[in-house]
Structures are given as structure tokens and as C-alpha cells.
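Have the sequence and the 3D view open as you read.

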Amino acid sequence: MPNPPPSSLLIISTSSLFPPSLSRSRSPPSSLFPPSPVSASSRFLPPSPGPGLLPPRSPSPGRSPPSSLPLPSPPPPSLPPSLSRSPPPPLPSSLALPVSKGFVISDWEGIDRITSPPHSNYTYSVQASILAGIDMVMVPVNYKEFINDLTYLVKNNVIPMDRIDDAVGRILLVKFTMGLFENPFGDLSLVNELGSQAHRDLAREAVRKSLVLLKNGKNGTIPVLPLPKKMPKILVAGSHADNLGYQCGGWTMAWQGFSGNNKTRGTTILGAIKSMVDSSTEVVYLENPDSDFVKSNNFEYAIVVVGEHPYAETDGDSMNLTMADPGPSVITSVCEAVKCIVIIISGRPVVIEPYVSSIDALVAAWLPGTEGQGITDVLYGEHGFSGKLPRTWFRSVDQLPMNVGDPHYDPLFPFGFGLETESVKELVARSTSAGVFRRPWTFLVVVVALIISLGLEFP
């Protein structure tokens with residue numbers, strides 16, 4: 001399905017918290033709006049309230065702005081192409097939210113974007129947003145300007161005082177209902193549970209269940225995964241193999257995330273590999289090895305971990321959706337020289353099609369966070385792969401936008417794709433239950449494979 005148009009409005013429903021007697025009608029007088037501009041409500045919401053949308057507010061009896069007061073002149077409306085579409089259909093009645101409950105809050109500097117370019121007529125943005133029904137405005141920097149403009153508009157009856165009273169009442173009602181005045185601070189009784197082993201174990205489980213196996217063996221050959229734990233020497237490469245910040249992505253410790261391992265606790269993918277393999281296995285880590293180094297060291301296999309650098313919001317906008325350098329060159333250098341497993345760390349599908357043919361096994365790990373052992377759990381067969389793609393993985397950005405059902409739908413990996421594997425224990429159990437005891441040589445092969453994979457030793 002196509003993505004919905006963006007919105008700077010967040011509608012909060014707290015219907016179960018409010019008695020019916022406290023709900024209010026929301027029908028604004030048309031005389032309060034300028035005749036031609038695109039208002040916040042008409043830009044982002046359907047023309048008339050449907051189920052699940054807050055209806056317009058009512059004017060107070062006996063209050064209307066004087067006709068002699070000039071209203072701020074908005075700039076000519078200019079909708080980007082992405083917003084020039086028909087409004088979404090109303091929600092089914094079974095999903096409808098009760099109206100006239102809760103309050104509406106704007107996004108960060110959201111009302112600035114009522115005009116194009118943003119903030120070009122801020123007085124009008126304040127007027128249009130408040131009259132459209134926004135009760136709380138997120139103003140991170142220019143709060144003095146907002147206060148001055150709103151005060152001017154109220155004093156001159158452009159915005160009725162009852163509109164302000166209505167907004168304040170809605171906000172206070174939610175706060176009183178939640179008990180914020182009696183208990184304004186958070187409950188710290190469970191603070192020591194944050195980051196506990198139980199929490200980390202749950203996060204580790206979430207990681208292994210969200211991983212998507214996109215490829216497992218070249219050209220239908222014998223599967224590469226699960227990997228054996230006991231090998232003479234293996235290679236780990238890539239900028240994302242030993243970097244907790246890259247694993248976590250944006251909105252972690254800082255708005256745009258961070259790089260390195262010093263700002264939070266956790267297990268990197270490299271650390272998880274060293275913990276998982278047999279103690280006799282030599283693990284060599286080099287972030288950006290050249291092909292000569294790879295060829296000359298007789299590695300049994302290589303694990304390459306590459307992807308995107310952390311980002312949040314518009315800082316992550318990209319017209320090419322490529323991996324961060326030197327990711328592509330690392331894949332090329334390593335995978336052309338040795339059997340390789342590539343793990344992609346990213347918040348979205350990225351360009352991978354040019355390299356897929358050289359890769360033996362490919363895993364979309366998304367942003368696994370602090371628990372890198374969730375990745376090695378499935379790489380080494382402690383658990384099987386089960387994740388599916390939550391969105392289509394494109395071949396090239398020229399195909400975008402591309403969704404299931406589009407005439408040009410030709411993905412690299414379709415929506416819902418994901419190879420599944422069994423754990424080593426499940427493989428052995430299935431083989432034995434199929435009657436391998438009647439075939440001694442087959443059973444012996446299975447047992448030997450299990451010993452190698454789990455790194456078992458006998459005295």
C-alpha cells in the first residue's frame with residue numbers, strides 16, 4: 001500500500017479518561033479563516049471529519065473577531081507533489097476513535113511548515129494552527145516569537161479567548177486525569193531493572209527473530225548457514241562489526257546517534273562472534289582488508305558487517321540509498337577471495353544488487369541495538385532464521401516508489417521474503433526421526449556435522 005501523506009499533527013485519544021459531560025463541540029466559524037490559503041487541517045486531513053478524526057471546534061456565543069481587523073496575509077499555497085493526493089478514506093466504524101476527547105499537539109516546528117517556505121509568515125501559521133484545533137504547539141527555539149504572535153492575535157480578537165480556554169482546559173484535564181499534579185515525577189522503583197539481564201535477554205531474542213536471511217548459498221548450492229564454530233582461522237571485516245553506535249542507529253544517546261563503544265553497554269557483533277566460536281578458532285578482525293591480505297591468510301570463511309551510519313529524521317534523507325563507504329569495496333575485496341557472509345546494518349533497504357552474486361550468505365540485520373549475540377545465535381545455529389521482510393527490497397533506486405501490486409513491481413527481494421533455517425539441534429532431531437539409525441553411515445555424517453558445528457571436544 002502507498003505510504004500516507006506526512007502530517008505535522010499528532011492526534012491523542014484518551015477517550016476512556018473523559019466523562020461525556022466534558023466533551024465539547026468543535027466547529028470553527030468560517031469567518032475566522034482567510035478566504036484562500038491552505039490551512040493546517042485542509043492540508044493534512046480530509047475535508048470533513050470522519051470516524052477517528054477530531055471534528056472542528058465551535059465558536060463561543062457572542063464572540064467573533066471584528067471585521068475591521070486585518071488578518072495576516074498568507075503566502076500563496078504551494079503543496080509538494082507528495083501531498084497532492086486525495087484524502088484517505090474514513091476508518092472503519094470498528095476502528096473509529098471517539099471524538100472531542102484528548103488534545104492535539106503539533107510536531108517539532110510543525111506549524112512553521114504551514115507556509116511555503118517554512119516560517120515565511122509565522123503570524124499566519126500561529127493563527128491557522130490554533131484555529132484549526134491545535135491545542136499544544138511544539139516550539140523548540142522561537143518560543144518568544146510564538147508567545148508574542150499568539151498574544152497579539154488574542155488581544156485583537158483574531159483568535160477568541162474561548163479558543164485558548166478550550167485548549168488549556170483540554171490539556172489540564174488530561175494532566176489532572178493522569179494525576180500529574182499529585183505525582184509530577186516518574187516512579188523510580190523499577191529504575192534498577194533498566195538494562196537488566198532479563199531485559200537484555202529479551203532484546204537478544206527480538207534481534208534473532210527480526211533478522212531476515214536473504215541468501216544462503218550460491219546458485220542453489222549447499223547452504224552456508226549455520227556456520228561451524230570450530231575452524232582454524234576466520235576473518236571478520238567491515239566498519240560495523242565492532243561499533244555499538246552503528247548497531248543502535250539514530251535516537252540513541254544523542255539525536256543522530258553515535259559512533260564507537262563508549263556511550264552505552266552492549267555486545268558488538270565482533271564480540272559476539274568471539275564469544276560464540278570455539279576457543280581454538282583464531283578470529284582476525286580488520287575493518288577494511290584488501291584482497292591480497294584475504295587471499296594470503298587461508299581463512300575458512302569471512303563475516304563482513306557493513307551498512308549505514310546512524311541518522312534520525314531528515315538527516316537520513318538519501319537520493320541514492322547506498323551503504324556507507326568503504327562498505328561496498330570491503331564486500332568486493334573479501335567475497336571475491338573467500339567464502340563470505342555479509343550482514344547489512346541499516347534502517348531500511350539499501351543498494352545491494354551489484355554485490356549479491358559474489359556473496360555466499362546475506363543477512364538483513366536492520367538496527368539490532370546492543371545485543372549482537374542475537375545475530376550469532378542464528379549464524380551459528382543456536383536458533384533458526386525466521387524473519388520476513390517488512391517491506392520490498394528494491395533492485396535500484398530508479399524503481400522507487402515501488403509497492404506490491406504496482407505494474408512495475410520487480411524487486412530484488414519481495415515483500416514478506418525470508419529464508420528459514422533450523423537450528424543444529426533441530427536438524428539432528430529431524431534427521432534421526434526420519435530413520436537415519438537404519439542408515440549408519442548417514443547417521444555418522446550427521447553426528448560429525450553436529451560435532452563440528454557446535455565445536456564439541458572429546459577427552
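**Salt bridges and surface charge**

R204 and D377 join their side chains in a salt bridge, with N and O 2.8 Å apart; the term stands for a side-chain nitrogen of Lys or Arg within 4 Å of a carboxyl oxygen of Asp or Glu. Because R204 sits in helix 5 and D377 in helix 10 (residues 373-379), this pair ties together parts that are 173 residues apart in sequence. Helices here are DSSP runs of H or I with at least four residues, strands are E runs of at least two, and both are numbered from the N terminus.

Before going further, please note that this is a predicted model, in which local features need pLDDT of at least 70 and side-chain atom pairs count only at pLDDT 80 or more, while totals for chains, interfaces and linings use all residues. Residues are numbered from 1 along each chain as its sequence is written, and side-chain values use heavy atoms, leaving out hydrogens and water.

How buried or exposed are the two partners? R204 is partly exposed at 22% relative accessibility, whereas D377 is buried at 3%. Buried means under 20% relative accessible area, exposed means over 50%, and partly exposed lies in between (1.4 Å probe, protein chains only).

The whole structure holds twelve salt bridges. In one of them, E308 pairs with R348, the closest N and O atoms being 2.8 Å apart. E308 belongs to the loop between strand 6 and helix 9, and R348 to the loop between strand 7 (340-345) and strand 8 (361-366), so the pair links distant parts of the chain, 40 residues apart. Both E308 and R348 are buried.

K388 and E420 make another salt bridge, with 3.1 Å between the closest N and O atoms. Both residues lie in the loop between helix 10 and helix 11 (424-433), so the pair ties together parts 32 residues apart in sequence. K388 is partly exposed at 37%, and E420 is exposed at 56%. Elsewhere, D135, R163, D166 and R170 are linked in a network of salt bridges.

Now turn to G195, in the loop between helix 4 (161-178) and helix 5 (197-210). G195 is partly exposed, with a relative accessible area of 37%. Leaving aside residues up to four places away in sequence, G195 touches R200 and R265, where contact means heavy atoms within 4.5 Å. G195 and R265 are 70 residues apart in sequence, yet their C-alpha atoms are 8.7 Å apart in space.
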